[in-house]
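Please keep the sequence and the model at hand while reading.

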Amino acid sequence: MFYFLAAMVIVFSILTVTSRKVLRAATYLLFVLIATAAIYFLLEYTFLAAVQLTVYAGGIVVLIIFSILLTSRLSEKAPVASVRQQILSALAAGAGAVLTLLTILKYGFPQESVASEPTSAVQIGNALTSYNRDGFALAFEVISVLLLAAMIGAIVVARREKLKEEESNKEL
Amino acid sequence: MVFNDFLTMRHELILVCMILLVLIIDLCVSKANKTVMIPVAISLFLIHTIIGFLPAQSGVLFGGAYHSEPLTVLMKNILNIGVVIVLLQSAAWLQKEENREKISEFFMIMWATLTGMYFMISSGDFLMLYLGLELATIPMATLAAYVHHQTKSAEAGVKFILSSALSSGILLFGLSMIYGTCGSMYFDTIQTAYGNAPLQVLAFLFFFSGMAFKISLVPFHLWTADVYEGAPVNVTSYFSVISKGASAFILIIVLYTVFHSIAYLWKDVLYIISIITMVVGNLFALRQQNLKRFLAFSSIAQAGFLLLGLLGANEVGMTATIYFVLVYIFSNLGAFGVVSAIHAKTGKENISDYNGLYKTNPLLSLLMMLSMFSLAGIPPVAGFFGKFFLFTSAASAGYYWLVFIAVLNATISLYYYLMVVKAMFINKNDNPIPYFKSDAYTRVGLICAALGIFVIGFWSQIYEIITSLAFGVIK
Amino acid sequence: MVNYAYTLLIPLIPLAVFLFLGLTGHKYKPIVSGIIGTLGLGIGAILSYATAISYFFVNHVDGTKLESIKAFEIPWLHITENLTISLGSLIDPISVMMLVVITTVSLMVHIYSIGYMKGEKGYHRFFAFLSLFTFSMLGLVMATNIFQMYIFWELVGLSSYLLIGFYYTKPSAVAASKKAFIVTRFADLGFLIGILMLSFFTQTFDFQTLTNPNGPAIANNYGTGFMGLSLITWALLFIFMGGAGKSAMFPLHIWLPDAMEGPTPVSALIHAATMVVAGVYLVARLFPVYALTGGDALHVVAWVGGFSSLFAAVIACTQTDIKRVLAYSTMSQIGYMMLALGVSGYGGHDGLGFMAANFHLFTHAMFKALLFLGAGAVIHAVHSNEMGDMGGLRKYLPITHITFLIACLTIAGVPPFSGFWSKDEILVAAWHHDKVLFIIEFLVAGLTAFYMFRLYYNIFWNKDTHYHHTPHESPLVMTIPLMILAFGAVVSGFLPFHKMVTSDGMAIESHIDFAVAIPSVLIGLIGIAVATVMYRKPGSLPDKIAGTFKNFYKWAYHKFYMDEVYLFVTKKIIFRYISAPLAWFDRHVVDASMNGIANTVDATSKSVRGFQSGRIQQYGYVFVVGAILLVLLFIYIF
Amino acid sequence: MTQGIPLNFFLIISTLMFFIGIFGFLTRRNLITMLMSIELILNAVNINFVVFNKYLYPQQLHGLFFSLIIIAVAAAEAAVAIAIIINIYRNFKSIDVDNVDEMKY
Amino acid sequence: MNILTLFVVIPVLTVIAILFSKDMKQTRLISAIGMGIQLILAGILVYSYLGMRKAGITDEFLFYFDALWFKTLNIHYTIGVDGISVAMIALTSIVVFAGVFASWTVETLHKEFFISLIVLASGVFGFFISLDLFTMFLFYEIAVIPMYLLIGIWGSGPKEYSAMKLTLMLMAGSALLFVAILGIYFYSAPAGGQLTFNLLEIAKNKIPIEMQRFLFPFAFIGFGILGALFPFHTWSPDGHASAPTAVSMLHAGVLMKLGGYGAFRVALYLLPEAAHEQAWIFLILTGISVVYGAFGAIAQKDLKYINAYSSVSHCGLVLFALLMLNQAAMNGAIIQMISHGLMTALFFALIGMIYGRTHTRIVSEMGGLMKIMPFLGVCWVIAGMASLGLPGLSGFVAEMTIFIGSFQHTDTFHRFMTILATTSIVVTAVYILRVVGALLLGPVKNDHFLELEDAKWYERLSTVTLILSIAAIGIAPLWLSDMIGFSLAPMVDKINSVTASIAGIF
């Protein structure tokens with residue numbers, strides 16, 4: 001099962017990156033996101049998988065598709081980068097991948113204690129709101145400020161003089 | 001949350017309340033007199049700065065996620081002063097008709113980024129650091145693209161957002177590896193657990209490149225020039241003064257506290273990066289004609305000098321760097337104050353437009369000269385003391401050759417700073433910028449900057465305060 | 001012991017006069033400055049006579065050693081512990097003798113130039129410079145240490161520069177003064193190096209310590225050899241080079257003929273009596289050191305003296321400008337004195353050369369000054385230097401004619417006049433020392449007689465040129481000095497020099513050595529005869545003789561092209577091949593290297609410009625590559 | 001469900017995905033596809049965090065929360081990025097990367 | 001208020017006063033008064049200094065004043081003065097006073113001109129009185145920047161180029177210096193002791209030898225660049241040629257002495273072993289710069305270039321004598337600094353005045369000025385004779401002390417170099433007389449020179465002050481050489497006591 005998901009992730013991400021048609025690239029991205037959500041299911045992080053599905057797959061990809069529709073005619077192919085640049089960046093990315101993989105594999109991670117019960121939503125809930133050591137209340141507050149600021153910024157930038165159909169603002 | 005907990009976190013809390021307050025005021029202010037927002041916002045922020053200076057006891061909140069020492073409070077106060085001056089200088093620009101209705105948004109976004117920086121400075125764990133970083137950068141992109149109908153500003157915005165996205169991606173990868181190797185996001189646990197396994201080195205380097213992007217050190221600096229040139233003048237000054245200053249502060253704290261154990265490593269990294277940054281910063285600055293781009297590259301070169309301070313032993317190094325950042329902030333504010341004043345009146349940005357400025361408005365050109373000298377490190381002004389202490393701290397660690405290269409670079413930098421001075425004083429110009437009286441805000445802003453440049457140098461107490469505070473930080 | 005402190009006044013009075021005339025002279029009428037100058041000199045002369053009399057006769061017991069008394073000394077500058085430069089006055093046989101010579105000749109020239117310079121512009125400036133010159137010459141003579149002598153040596157150089165360049169509107173005068181100063185300055189360099197070496201080895205400047213035989217200089221350190229000669233000899237040679245420059249000896253003589261550009265009284269004072277003699281005085285002053293530290297230095301002095309006297313005598317025969325002839329005759333007479341010093345030993349009888357040199361110096365000062373002043377009177381009357389447009393002047397200028405004749409006879413060495421006595425002593429000394437030198441000097445004596453009388457006849461006899469306005473006898477104020485000097489030239493022969501000025505202060509008995517005296521008188525008379533035959537009446541004889549050894553005559557006439565050689569050396573080598581390339585080198589290489597650095601920085605910034613290409617992906621690419629490189633560097637290399 | 005699958009496999013997948021994202025960022029000529037590759041990068045990092053939390057430190061939920069926050073931030077970032085891209089579209093009439101290089105040198 | 005701090009305070013007050021002055025006349029007057037007070041103050045200082053010495057006060061530095069500035073790095077504002085710095089302060093005050101009068105007719109932006117001139121002067125005064133390396137470096141840098149403005153705005157000819165070149169090369173020099181000062185600072189205290197910038201404390205303990213070997217080139221070349229060391233002297237001809245009169249007076253007269261003084265105080269006094277070891281390298285360089293400068297001057301056509309090259313040669317002589325490391329030569333070096341300072345100031349003043357009248361500096365275009373301007377002609381001859389080294393003027397005293405002093409050196413290489421240096425007096429004579437001959441004597445070349453008038457009162461005042469001081473040193477040098485010698489002795493003993501063994505290579 002894992003291997004299938006892993007293969008799916010890798011193949012579709014390569015496709016998103018190399019496909020000529022922009023819309024097709026968006027769909028491949030959708031598949032990648034779903035595959036990652038599946039991996040989370042595999043790791044029993046159901047809550048996270050749900051969030052991933054809704055926010056990422058639902059929200060962001062839709063947003064991207066909207067922007068594609070808004071900005072470029074579907075039919076014409078996206079121009080391909082110059083060959084020289086492709087080779088160079090392929091080389092750089094490849095070298096980086098090899099390098100990091102080497103270092104990661106060389107690093108002996110401590111023993112894997114696998115047998116543990118799946119985390120329940122209750123745990124996540126009170127961890128999210130607790131103020132002490134491992135709690136993330138502060139992070140939670142700051143995220144809200146971030147989203148507010150991002151929203152205001154987006155409106156400022158995207159606003160047209162004549163109030164055309166407003167860009168759909170963010171979910172959540 | 002007992003009351004004095006509130007007190008320790010007062011900077012962030014007050015600022016968030018002010019953002020919301022401005023949001024509400026903006027609603028009830030009619031479209032016509034939006035400009036009334038400017039005095040309101042500035043006075044609000046003044047109150048905030050004053051409160052910031054009140055003494056407050058340091059403490060650790062949210063179980064380590066947020067810590068505030070006198071040093072972090074000092075840093076925040078320095079940033080506050082910087083922002084006050086930036087706000088004063090941007091008043092003239094904001095009153096222009098094309099961003100008449102966007103005034104309150106400008107304040108809100110700026111203060112949001114400021115809160116982001118506060119959180120980054122006083123973060124106790126990498127999560128808060130990352131969040132602060134994102135809160136500081138994402139709205140900044142919208143600021144860069146503020147004058148959206150202008151192609152340059154739009155381009156600056158997109159360049160900034162995409163490059164920062166990539167850099168935060170790499171930063172996150174580094175953070176994940178740190179988390180993987182140390183098991184926890186909190187600084188105090190990491191500090192003890194951080195060995196020098198190759199993966200940890202890789203993680204640190206990825207993290208460092210993310211941070212280097214913010215301070216625009218050389219390999220990661222390419223976005224700086226275009227974004228600075230594209231963005232409106234006051235946003236650029238906010239960029240180069242506040243955002244760079246804050247990220248420098250953060251780098252100091254993180255390097256000295258979290259990665260204290262692998263100090264030998266990042267000192268070598270800084271050794272190489274500082275040399276490259278100084279050299280490249282100077283080389284590029286030599287040929288610039290546009291003042292904003294010129295100041296961009298000069299700030300890159302200054303960042304190179306900044307790294308030198310970090311090489312010193314921890315207390316000495318920290319103090320020297322913080323002092324240098326303070327001096328850097330004020331000198332840049334002076335320069336940007338003049339540039340924004342002239343830009344607001346005449347829209348001219350090139351050095352050649354500044355020819356013969358001395359004849360028409362002497363005071364402005366004098367301030368510009370002072371800030372240029374302060375950036376170059378010439379004695380009467382604070383820049384000299386800043387550079388001197390920086391190089392003393394580097395020399396204390398025995399990096400004589402580096403100090404020599406740095407001082408040579410300072411001489412090369414003197415060349416292009418003097419080019420500006422030459423333009424203003426020596427070059428003849430048939431239609432120089434006519435004499436103009438800038439409004440109250442800008443004048444106050446310029447005077448504060450000028451005062452800062454002089455006072456910081458001679459008044460030795462400032463350096464003493466920083467030293468005393470610095471000793472408390474490193475556990 | 002008589003206190004000679006008042007001798008300090010002798011140089012100070014001319015100094016005061018110089019300052020007074022220099023600063024405020026132009027306010028008064030010209031005649032006033034003339035009188036002040038002469039008065040000052042008069043007092044100086046009286047004082048020096050008094051010192052001479054009291055020193056040589058009044059309180060000097062016959063037979064005892066003439067002590068050298070340090071009359072006055074103040075430290076001027078402390079250099080190292082034992083090397084201090086001090087200023088003072090030293091009373092010593094030769095210095096007193098020189099005092100007398102300088103003051104008398106300078107007085108005569110002052111009186112003479114009141115008349116000669118009447119109507120000249122810058123009259124007061126002339127007298128100011130004259131008293132400056134006298135001050136520096138007196139200072140030089142009375143120096144207690146070698147450094148004080150060097151100080152006044154330079155001042156003498158300066159005043160001769162100012163005086164030669166008096167008519168500063170004439171480019172030739174300017175060039176001549178510049179040449180004089182630079183050549184003497186070059187010689188002073190040698191003098192300075194000599195002083196440095198001397199002071200390094202003997203650790204003292206003071207003459208008294210230097211010259212006393214068993215003092216540090218002479219006693220211990222002429223052993224350390226360096227290229228054959230001992231170091232002390234090298235020092236002495238360098239010092240002699242300084243002296244040779246000032247006294248216009250052979251290699252450094254080129255400035256003397258050009259120095260005639262200055263007014264004639266100046267040449268009379270400087271180029272006859274005082275400055276040129278300074279070299280001789282220097283060697284005389286250091287004579288014990290020269291003599292007792294292995295005679296090679298003296299040997300060089302002798303030969304240089306001999307050669308220059310012969311060389312000058314030959315050229316003098318061919319010159320047409322009367323002042324140039326006198327200049328060369330001075331050079332040859334100085335050569336005589338140098339030779340005399342060269343051949344002399346130290347102490348007792350073989351110190352005869354030293355005594356003879358000083359005696360000749362004394363007499364030469366008298367009659368050469370007379371010759372110059374006479375020539376001045378002639379030029380004043382005829383307004384031209386060339387022999388060609390003179391002739392038959394004996395009718396118009398009787399006094400000048402008689403005094404000129406006396407002077408010619410003295411210089412030719414005719415017995416009753418003083419010239420004979422001093423030249424004879426030199427020939428005797430030369431005879432005892434080195435036969436070859438004797439023969440040279442013998443020849444020179446003849447040549448001297450010949451060219452002097454050639455000059456005499458050309459001016460006063462020869463063809464009676466008619467003058468568009470008849471030359472009138474010069475006024476009394478000019479003729480009186482001529483007469484006094486003529487009297488001096490005659491009488492000074494009989495002064496008992498051998499008792500007064502000797503190498504070691506002890507008197508030596510002197511007698512006429514007939515074996516040498518008679519041939520020298522004979523050669524003199526022959527010289528005169530040949531000159532009368534050729535020049536008594538205008539005729540073609542001289543041109544015919546000149547025709548026989550044609551090119552030699554042309555060479556001699558052009559001063560053996562020495563000037564051209566020097567000009568070539570200075571103009572071509574120093575200017576074109578050293579300083580011009582040096583300046584070019586400085587402008588293009590050293591300067592260019594500095595600009596080069598700036599240009600390379602500029603060029604690199606231009607070339608690296610492309611880096612900032614504006615494309616986001618390029619930025620991203622550099623970002624990623626930078627991160628990877630960092631990782632690579634720090635994991636796998638460090 | 002998950003025993004038997006070693007930690008390293010996950011890491012390999014996430015690093016590969018990470019570097020594919022970077023490759024995509026560097027080569028794609030369209031601004032929005034660059035945005036997509038950024039999403040890829042962020043997902044890769046998410047996997048990293050989750051996997052580390054699951055395998056190495058199951059007691060506390062740092063990794064989980066971190067990925068949650070990354071998702072939120074990614075959302076905000078995407079929103080702002082698209083707003084700016086639309087602004088670019090309005091100014092440049094095309095969102096091709098190459099004509100966005102008006103400012104250089 | 002310590003008399004020494006007055007030296008820095010008075011210029012600042014004058015600058016403030018100038019700010020408020022209305023027209024040119026007032027600015028001139030104020031700056032003249034200011035610098036006049038400065039001159040009187042210098043006189044009082046010299047007088048009281050000699051008085052104290054006579055009264056037998058033997059501690060090295062008088063008027064000692066110490067105020068803490070930066071506690072952490074132990075930087076103090078310590079000032080004190082000994083014989084040498086008193087002489088230098090006197091020189092600076094005279095030259096500045098004359099400089100103010102020489103620039104009496106500056107029209108454009110006159111206020112800014114006098115302000116930057118006085119700031120330059122205050123920088124130099126500060127340098128001479130300070131004993132703390134930090135304050136010394138601070139004042140050194142203050143003195144450099146007004147130069148750029150002065151030459152850039154009021155200069156002539158390729159003024160921007162030469163102003164930029166001058167400033168950059170001097171700043172590069174200060175870069176070298178900076179490293180040296182830091183190096184000395186970090187080795188200034190015995191293990192664990194309190195690090196200090198104070199000159200006296202540093203001199204007390206020995207800086208390790210290999211550190212000295214590393215720092216000495218930095219320190220000496222750093223100061224050498226200002227003192228016109230051979231390869232780094234190229235800024236001096238251009239800088240002086242295009243600088244206005246007062247600036248080149250001040251610069252050649254005083255700033256180049258900063259180099260010599262600093263080299264002695266910092267490089268030789270604090271790093272004695274390295275000084276002994278590396279002396280011979282720099283000896284060759286300075287020897288070249290002496291002869292090179294002199295020959296260079298012969299080939300120049302422009303008056304200012306001639307004087308610039310002659311200052312290169314004279315300042316080279318100063319460094320040359322300093323490297324001899326014996327009492328007499330160093331004494332001569334300092335006298336030479338003073339005498340050359342006065343001479344070059346006089347020369348540049350005269351060149352400025354002549355240029356003001358004939359509007360050309362090319363020697364060949366001018367001639368026969370002696371008749372037209374007798375006063376200036378005579379002053380020119382005096383200045384020429386002084387720089388020639390004529391007895392009775394200061395040039396002679398300095399050069400002779402140097403030559404005799406350096407000839408006393410035991411090792412033959414040094415003596416050979418001295419002889420090489422002495423040849424410079426002949427070459428100097430050549431180019432001085434060439435200029436005097438071409439400029440003053442000879443017939444008047446172009447006739448409209450005829451109606452030029454002679455020096456006005458302020459020009460006479462400035463030249464006379466300089467000539468009087470040159471003559472004073474020339475005629476009675478004893479008071480000066482004793483004053484300097486007295487405070488030089490302890491320093492020289494410290495330098496020589498250290499390494500009797502390494503006396504030189506040969």
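## Helix α1 of chain D

Helix α1 of chain D (residues 7-27) has 21 residues, which at 1.5 Å a residue should span 30 Å, and its end C-alpha atoms lie 31 Å apart, in agreement with that expectation; the expected span is 1.5 Å times one less than the number of residues. Helices here are DSSP runs of H or I of at least four residues, strands are runs of E of at least two, and both are numbered from the N terminus. Of the 21 residues of α1(D), 17 are buried, so that the helix is mostly covered; a residue is called buried if 20 or more other C-beta atoms, placed from the backbone, lie within 10 Å of its own, exposed if 12 or fewer do, and partly exposed in between.

This is a predicted model, in which local features need pLDDT of at least 70 and side-chain atom pairs count only at pLDDT 80 or more, whereas totals for chains, interfaces and linings use all residues. Residues are numbered from 1 along each chain as its sequence is written, while chains are lettered from A and ligands numbered from 1 in the order in which they are written.

## Chains A and D

Eight pairs of chains touch, and the most contacts among them are between chains A and D, where two residues are in contact if their C-beta atoms, placed from the backbone, lie within 7 Å. On the side of chain A that touches chain D, the elements giving two or more residues are α1 (2-18), α2 (22-42), α3 (46-71), α4 (83-106), α5 (121-129) and α6 (137-158) of chain A. The largest share of that side, 13 residues, comes from α3(A). By class, the side of chain A that touches chain D has 50 nonpolar, 17 polar and five charged residues, with Ala, Val, Leu, Ile, Met, Phe, Trp, Tyr, Cys and Pro counted as nonpolar, Asp, Glu, Lys and Arg as charged, and the others, Gly among them, as polar.

Within this pair of chains, the axes of α6(A) and helix α3 of chain D (residues 62-92) come within 8 Å and cross at roughly 10 degrees, the axes being lines fitted to C-alpha atoms, for helices over the stretch in contact, and the angles running from 0 to 180 degrees between N-to-C directions. That makes α6(A) roughly parallel to α3(D); angles under 35 degrees count as roughly parallel, over 145 as roughly antiparallel, 65 to 115 as roughly perpendicular and the rest as oblique. Residues in the contact include I143(A), L147(A) and A150(A) of α6(A) and I69(D), V73(D) and A76(D) of α3(D). The residues of this contact divide into 18 nonpolar, two polar and no charged.

## Helix α2 of chain A

The 21 residues of α2(A) should span 30 Å at 1.5 Å a residue, and the end C-alpha atoms of α2(A) are 30 Å apart, which agrees. Its buried residues include Y28(A), L29(A), V32(A) and I39(A), and the buried residues of α2(A) pack against α1 and α3 of chain A together with α2 (31-55) of chain D. After α2(A) comes E44(A), whose phi is positive, near 60 degrees.

## Helix α16 of chain C and its neighbours

Helix α16 (residues 352-382) and helix α18 (residues 418-433) of chain C pack at an angle of about 155 degrees with their axes 8 Å apart, and they are therefore roughly antiparallel to each other. By class, the contact of α16(C) with α18(C) has ten nonpolar, six polar and two charged residues.

The axes of helix α15 of chain C (residues 322-343) and α16(C) come within 9 Å and cross at roughly 175 degrees, so α15(C) and α16(C) are also roughly antiparallel to each other. Among the residues that meet are L326(C) and Y336(C) in α15(C) and H360(C) and L371(C) in α16(C). This contact divides into 15 nonpolar, five polar and two charged residues.

## Positive phi in two loops

S216(B), a residue other than glycine, has a positive phi near 55 degrees and is found in the loop between α9 (198-215) and α10 (222-230) of chain B. S216(B) is buried, with 26 other C-beta atoms within 10 Å.

A228(E) likewise has a positive phi, of about 60 degrees, although it is not a glycine, and its place is in the loop between α8 (209-226) and α9 (235-242) of chain E. With 29 C-beta neighbours inside 10 Å, A228(E) counts as buried.
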